[in-house]
Amino acid sequence: MRTNQPQTIYLKDYRVPEFLVDHVDLRFELFENGARVHSTLTVRRNPQSDATGTPLVLDGDSLTLESVALDGEELPADRYENKGTELVVPGVPDNFSLAVVTWIEPQNNTRLEGLYKSSGMFCTQCEAEGFRCITFYPDRPDVMAKFRTRIEADKSAYPVLLSNGNPVEQGDLEEGRHFVTWEDPFPKPSYLFALVAGDLVEKTDRFTTCSGRKIDLRMYVEPRNADKCDYAMDSLKRAMRWDEEVYGREYDLDIFMIVAVDDFNMGAMENKGLNIFNSSCVLASQQTATDLAFQRIEAIVAHEYFHNWSGNRVTCRDWFQLSLKEGFTVFRDAQFSADMGSPTVKRIEDATILRTAQFAEDAGPMAHPVRPHSYMEITNFYTLTIYEKGEEVVRMLHTLLGPEVFRKGSDLYFERHDGQAVTTDDFVQAMEDASGRDLSQFRLWYEQAGTQVLDVTDEYDPERQVYRLTIRQSIPDTPGQTNKQPQHIPFALGLIGGRGEALSLQLEAEEQNAPTSRVLELRDESHRFDFHGIAERPVPSLLRDFSAPVKLNYPWTREQLMFLMSYDGDGFNRWDAGQRLAVDVIRSLVGAPKDATVEPRLVTACRHLITDSSLDQALVAKMLQLPSEAYLIELADRPDVQQIHRARQRVLNHLALSLRDELVACYRRNRDEGEYLLTPEAIARRSLRNTALGWLLQVNDEEARELAIRQYREADNMTDRMGALRALVNSDYEQDRERLLGDFYQQWQSDPQVVEQWFSVQSGSSRAGTLAHVRMLTEHPAFDWKNPNKIRSVIGVFAGQNLASFHAADGGGYRFLAEQVLRLDASNPQIAARLVTPLTRWEKFAPEYGSQMKAALEWINAGGDQSHDLSKDLYEVVHKSLQD
């Protein structure tokens, strides 16, 4: 428990910085027992600030202060005040130089913020407020300075010394040490500072920009990972070319560097010119990474590179504006991924995350707008709302304005604000100025929390041949927000005739050459649209391509959903119709008697998907995936997790038994021949084959067992090897499961990223991942409490994906998670605060679950049995979750 409540920071209290820093000169002396940091700041009072004569206040965290000098004169202790979290220097002139020397201990930094050590190398993570863990500094994004960094270290232990910008000087020092000096010509906020020192292998390539400049591309990894760099390097070059062609953005330094780090709280960090990646998000080979991992790596490499403009050259004024850089950049990487692969599949994947996880966030105690109004700990707001919903807000602008006008708006945004720290309002203003449109109502997407609900009804007048749609919008209350205003929503739709033909959408009776797909703009609480010249009652295709991040309610019949699955010209809505049909069937069986029948039309629909080879196989692979338990829980009111699990399993078993022969044929038809390829077609084949295998092993099919064992033994890629292993782990063939799990670990125990997959396949299985087994995994020699990836692959996967086991009736899963969260809070508060999320929505669940989840939260809030103080990170999440 905490005896003092952390301070809440409010957007309304923003003030410009009182001091600006024009230049930062850093010198790092790196040793095994710590690091000495020499920082010299060129400072001036901010002419835009009303404050006069105020002291200089610098942020700090866990620093040992050794000296302070003002304009070259060392200050006695009574000339400044070290408050631990602040260094206060009164009586400073309007322009001055401040030199500060601090001592830090990176080797003991388990929080992985600031400068720390990972696998023997020094590395940094400064976003959001990690730079203050390195030296005293005005650690806020609207203070932008040019950095010059000199790194000194033992040459044999740390031959590679990296920082932002371009190298300008290097040489040897006494006692076997050496140095490299880096200079970044572009002003940047402190959160973009980076340093790496280690014994690393360098992989190099070159890229020629559209203007003919030659860029050195460098990737630094531990020697054991030297063969896993090619795909990330190729992805980087594709992203650089794409950003030139689609957004006109050319890279601006001479060198672009990527470093892979095993111990990392996030996925990657876009530090200027020196991107630092979680190893799991950048290292890949055919033998060690699945298709999904390859796709994820391509997207993340692109995301971090795109930040060079949307985040670095133009950054956010304050952390409330985080989605300014993240939402825009996620949209850019989503566009890139769609262009590199299947646009429909990419849209399905993004919408699935949003509807399952972000909608849950919107309905939970930590719900916040895309631009939050307040926070206690900013790291708690690196959320799906900021990233994924923020991306959807930018996507809606793109939909409303069209690609050409949106490009004009982005060009204006970059031109107008290059080198500045700005706000989401500045971004929308650029779009408004480029388009000439009034986007004032659209700004509400940044201001209002919660998921919009659209209720759609229809009626048809056969005499007038008019089809009428009525659409009503509403937003539920969220913590701190009620009585919300209608928002500006792009609503894409089509109408389909009885023979599967796309109908013209005439909004006026005399309209000629009307399109068969339209984007309607919703602005009011209720809208009515009349479509003329409709000869028969159509089947509506609504919210095409998921044109807005909203919940859609319309009473489609099961027959209509099957019709849309076959005839809808919008690939996303074909998939969505299948999901809605499956959801309806599964929900009808929740709590139903054992003799209740499974809807035969679902079997018919799946049989058509499996057997019709003329269909887009990438789309079919997605359509054959049943709605997840997490999504079914999100749709339910007071869900009973065990009943949902049993109903879904019942449908899956019925489909597998009814389609047994078709599934075997699908498996054999989609076997790979020839070399491993990462084309959408090859990925779809592997996905279909492994889906068929997984379905068959759910019902313990003996032939499927033999196929899975053979596939595991003969696989030449991790997708097929892991597909076979996962299918067996989720079957009742316990001896095969244990034998192959043992074999897999024996073969891959020296590769941390593959071991994380091995952990996940067990902890995520409702059959293998019992609580007792998950506890055993946390005691396995390969498990490391200091490594976030290992923690996520066991504890995070168990609580977030193995829902039947986590929500066991005895509450053991809740107590287990509470114990681990409290344990981790002492060493890595960021990870602890993220792991606790599954407990925070206790009010959502049926009372027998919710009461035990709440008790686990209350135990954490009390600091456990030992009444430990909670970190600010964890306190905020738990405190808000227990508020009425």
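**Entry 1: Gln883**

I looked up Gln883 and found it partly exposed, at 43% relative accessibility (buried means under 20% relative accessible area, exposed over 50%, partly exposed in between; 1.4 Å probe, protein chains only). Gln883 sits in the segment after helix 28 (872-882). Helices (H or I, at least four residues) and strands (E, at least two) are DSSP runs, numbered from the N terminus. I then took the C-alpha separation of Gln883 and Pro479: 9.6 Å, for residues 404 places apart along the chain.

I note that this is a predicted model, where local features need pLDDT of at least 70, side-chain atom pairs count only at pLDDT 80 or more, and totals for chains, interfaces and linings use all residues. Residues are numbered from 1 along each chain as its sequence is written, and side-chain values use heavy atoms, with hydrogens and water left out.

**Entry 2: the core**

Next I checked the largest nonpolar core, which has 283 residues. A nonpolar core is a set of buried Ala, Val, Leu, Ile, Met, Phe, Trp, Tyr and Cys residues joined through side-chain atoms within 4.5 Å. Leu30, Phe427, Phe491, Phe531, Leu839 and Ile860 touch the most other members. Helix 10 (residues 571-589) gives this core its largest share, nine residues.

I listed the neighbours of Ile860, leaving out residues up to four places away in sequence: Ala818, Val821, Leu822, Val836, Leu839, Leu870, Leu874 and Val878. Contact here means heavy atoms within 4.5 Å.

**Entry 3: salt bridges**

I count a salt bridge when a side-chain nitrogen of Lys or Arg is within 4 Å of a carboxyl oxygen of Asp or Glu. By this rule there are 80 salt bridges.

Arg27 and Glu152 meet at 3.3 Å, N to O. The two lie 125 residues apart, Arg27 in strand 2 (residues 19-31) and Glu152 in strand 12 (residues 145-154). Arg27 is partly exposed at 28%, whereas Glu152 is buried at 7%.

Arg544 and Asp568 bridge with their closest N and O atoms 3.0 Å apart. Arg544 is in the loop between strand 30 (539-542) and strand 31 (550-553), and Asp568 is in the loop between helix 9 (558-567) and helix 10, so the pair ties together parts 24 residues apart in sequence. Arg544 is buried at 11%. Asp568 is buried at 2%.

Asp736 and Arg739 also bridge at 3.0 Å, closest N to O. Both lie in helix 19 (residues 734-748), three residues apart, about one turn of the helix. Asp736 is buried at 5%, and Arg739 is partly exposed at 41%.

I also noted a network of salt bridges linking Arg371, Asp425, Glu432, Arg443 and Glu447.

**Entry 4: helix 7**

Helix 7 (residues 424-435) has twelve residues. I get 17 Å from its first C-alpha to its last, close to the expected 16 Å (1.5 Å times one less than the number of residues). Its buried residues are Thr424, Phe427, Val428, Ala430, Met431, Glu432 and Ala434. They pack against helix 3 (322-340), helix 5 (384-401), helix 6 (403-417) and helix 8 (444-447). Gly436 follows helix 7, with a positive phi near 75 degrees.

**Entry 5: sheets**

Two strands pair if DSSP finds at least two bridges between them. I traced an open sheet of eight strands, order 6-5-9-3-2-12-15-14, mixed pairing. Its edge strands are strand 6 (73-74) and strand 14 (166-172). Strand 14 runs antiparallel to strand 15 (residues 177-188) over six bridges, and Gln170 stands opposite Val180.

Another open sheet has five strands in the order 17-18-19-21-20, also with mixed pairing. Eight bridges join strand 17 to strand 18 (residues 214-221) in the antiparallel sense, with Thr204 opposite Arg218. Helix 1 (residues 230-247) lies across strand 17, strand 18 and strand 19 (255-261), at about 25 degrees to strand 17. Helix 2 (residues 291-306) touches strand 19, strand 20 and strand 21 (274-278), and its direction makes about 150 degrees with that of strand 21. Axes are lines fitted to C-alpha atoms, for helices over the stretch in contact, and angles run from 0 to 180 degrees between N-to-C directions.

Last, strand 31: Val550 and Leu552 form its covered face, Lys551 and Asn553 its uncovered one. Strand 31 pairs in parallel with strand 25 (residues 452-461) over four bridges. Leu454 stands opposite Leu552.
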